[in-house]
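Open the model in your viewer and keep the sequence panel beside it.

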Amino acid sequence: MAGIFGPRPTPLRRNAGSAVPSKMPFHQTIILLPCHSLEDLPTHFRGKDADSLLANWTAMWHPALIAATGKQPQYRSAELPGEFETDTLVLVPSVAEPCIPANFADETAHLKVLVGETSRAQIIEKIVALDGLAIDLGNGDVFDSEYVEDFFALGFAFLQIQLMTRQLRGSSNLNESVFEEILVAAAMGLVKGDEEAARQELTNCFDLLLQEKNTYYPVQPELIELVLTAPSTIGMNLEKELGDAEHPKCLLVTGALSREMESNRPKLFERLKTFVQSKRIDLVGGLDHELAEPLLSLETSINQISAAANSLRKQFDIEIKTYARRRFGLSPWLPTILDQFNFLGVLHSSMDEGNFPTASTGNIRWESDDGSSILALAQPPDDANDGFTFLRLGLEIGQALDSAHVATVILAHWPNETHFCFHDLCRISRYGPLFGLFRTLSDYFDSVYDPGYGDSFSAHEYRGEYLKSATTKNESNPISRFVDYWQRFYLHRSLSALLVQRSVRKLDNGAALHAHLKQLNRLQSRIELATEQTDDQLDEELARLQTALQTENETDIQVVINTTSFPRIVFVQTDNRRCFAKSASDPIRLADSTNDHTEWVLKLPPMSATQLGSNEGASKKLSREPTILDGNRLRNEFFEVEIDTTTGGIRSIDKYDRRKNLLSQQLALRIPTVNDGPQQPLTRSRYSQMRCTDVKTSCPTRLSGMITSRGNLIDDAGAGESIVAEYEQKITVNRGIPIIDFAVTIIPQIELIQNVNHYFCSRIAWKHESADLVRNVQESRAHVVEDRFDASNFLEIKGLSDSITLLTGGLPYHRRSSRRMVDTLLIVAGETRNKFRFGIGLNLEYPLHSAIGFMTPALIFDSDQKSGWFFHLNCKNVVATWWQPVLDNERGCVGVEVRIRETENRAGQLRISCPFSLTSARQVNFLGEQLKEVDHTENVATFDFHGAELFQIQLNWNS
């Protein structure tokens, strides 16, 4: 590093060849600091600057130097260093070098000066080389003594206590003359070979510092070491980390990583297992894999925690009590899940990209909207391999004790990668609780003060940077992998519900049911992992399982199955057998036939089967018959959609009672005009123009109509025009369904840069800037208050009289480009998918139900099953997120478990009706432990629930 006067002058770098007389003992050691006193010492330095300051400060506390000078090391201002005695050693950290006067090199030619060093070991080596210091003291072994490191730790402790008291309290009560006397005695004892005397005097020095700290801060801090892991770290570094486990430490590990360690590093695994069982290592984490969970269903979080619990229980015979994760994945509903897995506490922080709210105190009771809560440590971890952490350690502890009367410091690091001052801190803890003693998180949450009141946070306060990270790292399919997840997830939910229906009907024996259930559980984990890595066989295996679950006796009768917990209006096609519904309560809303097929609009009860049988029945008469297709317009009972023949997008959506445009839509490329790099936001952007070249219409029956537009996306900036993409957009409207179905194909003609602001998108625009935007966050609702937001299921635009809902079809990323415009991202850098499906609905009463129904096709297959329902939930503001049969080896299905989520933040009373007389009904947690009995009479169980609650009910019967 060059100084303020250009390259560093040679005289500042002394060595054994210097003109200064050799073997002259030092009488004084001084460090120059970029301040006038410790009260104004800057502590904002990072990287090598922080390392240099800390290394030089602690190096001058070497016992040989203290014994040689007979004095405590001193500091001076680098701007006004004053005069020095001839036998002075001057250390100049890099942060002080710019402050040195211009004539400093000339005035200190007679001194020993070291400038800008960042390694403590190298500083000591250079000091020895200056004059053969150890030989002058007559004891070369002093440099090899274990207690030398304790002197460095004492110097670090002295600096931090001085900063804590002087900068936060303005004064220090330390008797420095007594401290210096004891310090010199300790150094002389070590030089003379009396390590026991040195240890006792060092203890006295630490005790004096502890008394000084306790004068202002009598409460003792808590120290927690958190060792992070990854597949690349389960090697020699982790072995060395375990070998250095002199104090309790926490190891953040996933179930998958633990299994990998057991398979590939069995000796390391056995050693870890020994440390875990002896409680020297506390395992924390609680997840099988760390996924982008805020973009996924709550069921994924539950499955990952359950899988990790089963795996680690089998490996270590323990229950993990502290939830923690390295990758960002926090959400405001996490306490609801963790509470039902009996976790003691959670780290309310992340060590990866993402934003999360901070609390005013270190420990809080983190509360969800449904009232569930869990103790949380809200203090973000500090980097144990960063000098900045240790330069400010004393100040941060003092500030925490001032504000909350408790201080907890979490020091996180990769195995065997820590700052030299971290080892100083470990040595300090051996002498007493000056900065606290190391504890495990399990011990911490067992004894920490419970504030008793909850801290809750809004969904917008949690924001992951998944898209930014994926585009920066050039990951493949950063968008479509989540679309695939949601499509597979809802298919998997359908198959789970279908298995429950087969179990109730006793179509399979116990062995077959267990095999299907095991395969469903295995496929669920693979669906979740496919958001991180491609699984080419997954769709094929899901299709095979679907075929197996739909296989019944050969028959000409077809059955339509609704596997959701709410009623649905669906549009289906069957072959030209001109089927009609055979049901006491006719589910047919509309029907029409061609020579090739029959189209149906059916209203299906929840968890039901509707039989369609072959007969010469005629089509059902249409009650009101607006023409579904009229030129460039599509119509049904709810709205009229006009296609813009110039652009190919939607010009307007109108209601019949009020002729005003509710919404417009176009495809576009967002083009950044100022590129600040892949990780910086682009403040100015423009959009391509949508230009239509062809429009085609299709209306096979009176129930459905489709308009297909094709064209180009044009960049008309500059001198000429250029085609950036070709597009095809199919817009379908069905009678009886208030949803517009979009099928979009975009063929890019340019390569996108790795930036979140360069993307192809579908843009929607509405009239009123005052409209309120509500999105889904997992299975709950949250208001949109930020420009960039996630919504994997729906985005609702609530106006003064009408609401419009974007059914995203699994597309997760959206951007509010103005007060009345939203972009839904389709293609970014790294995306290979170019076909997408989404919908727009008008005045949908329960948007989540519509979003789930949009991505969950009704199952149609040959079966002689009679029409009827299996389970009925009377509340419309709840949705069943998970079904599973309760199986008995001899009797088959003897009950069902269902997990239910309230979606509108409204409390109520739920009545669950089932096809058998109940013998018991109970609420259980996610470990299967009973929480309370549920009232039931005959085949109905009644349960009171809170708004936003997620709960699990088990129903049992004898049949």
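Two strands count as paired here if DSSP finds at least two bridges between them. The model is a predicted one.

**Stop 1: a sheet**

Select residues 918–924, which are strand 49, together with residues 950–957, which are strand 53. These two strands run antiparallel to each other and are joined over 6 bridges.

**Stop 2: the largest pocket**

Select R568, I569, V570, I737 and I739. Of the 49 residues that line the largest pocket, these are the closest to its centre. The volume of the largest pocket is about 1500 Å³.

**Stop 3**

Move on to E290, L291, R326, R327 and E532, the closest to the centre of the second largest pocket among the 32 residues that line it. Its volume is about 770 Å³. The lining of this second largest pocket divides into 15 nonpolar, 5 polar and 12 charged residues.

Which elements each supply at least two residues of this lining? Select strand 6 (249–253), helix 10 (255–264), helix 18 (466–472) and helix 19 (480–505). Helix 18 gives the most, with 4 residues.

**Stop 3: the cysteines**

Finally, show the cysteine sulfurs. How many disulfides does a search of the whole structure find? The count is 0. Centre on C421, which is in no disulfide: the nearest cysteine sulfur belongs to C426 and is 11 Å away. For a disulfide the two sulfur atoms would have to be within 2.5 Å. C421 is buried, at a relative accessible area of 0%.

Then go to C875, which is in no disulfide either; the nearest cysteine sulfur is that of C914, 16 Å away. Is C875 buried or exposed? With 14% relative accessibility, C875 counts as buried, because the cut-off for buried is under 20%.

Conventions
Residues are numbered from 1 along each chain as its sequence is written. This is a predicted model: local features need pLDDT of at least 70, side-chain atom pairs count only at pLDDT 80 or more; totals for chains, interfaces and linings use all residues. Side-chain values use heavy atoms; hydrogens and water are left out. Buried means under 20% relative accessible area, exposed over 50%, partly exposed in between (1.4 Å probe, protein chains only). On a 1 Å grid over the protein atoms alone, a cavity is a set of points where a 1.4 Å probe fits but cannot get out, and a pocket is an open set with protein on both sides within 12 Å along at least five of seven lines; lining residues have an atom within 4 Å of a point. Grid points are joined across faces, edges and corners, and a volume is the space filled by probe spheres set on the points. Ala, Val, Leu, Ile, Met, Phe, Trp, Tyr, Cys and Pro count as nonpolar, Asp, Glu, Lys and Arg as charged, and the others, Gly among them, as polar.
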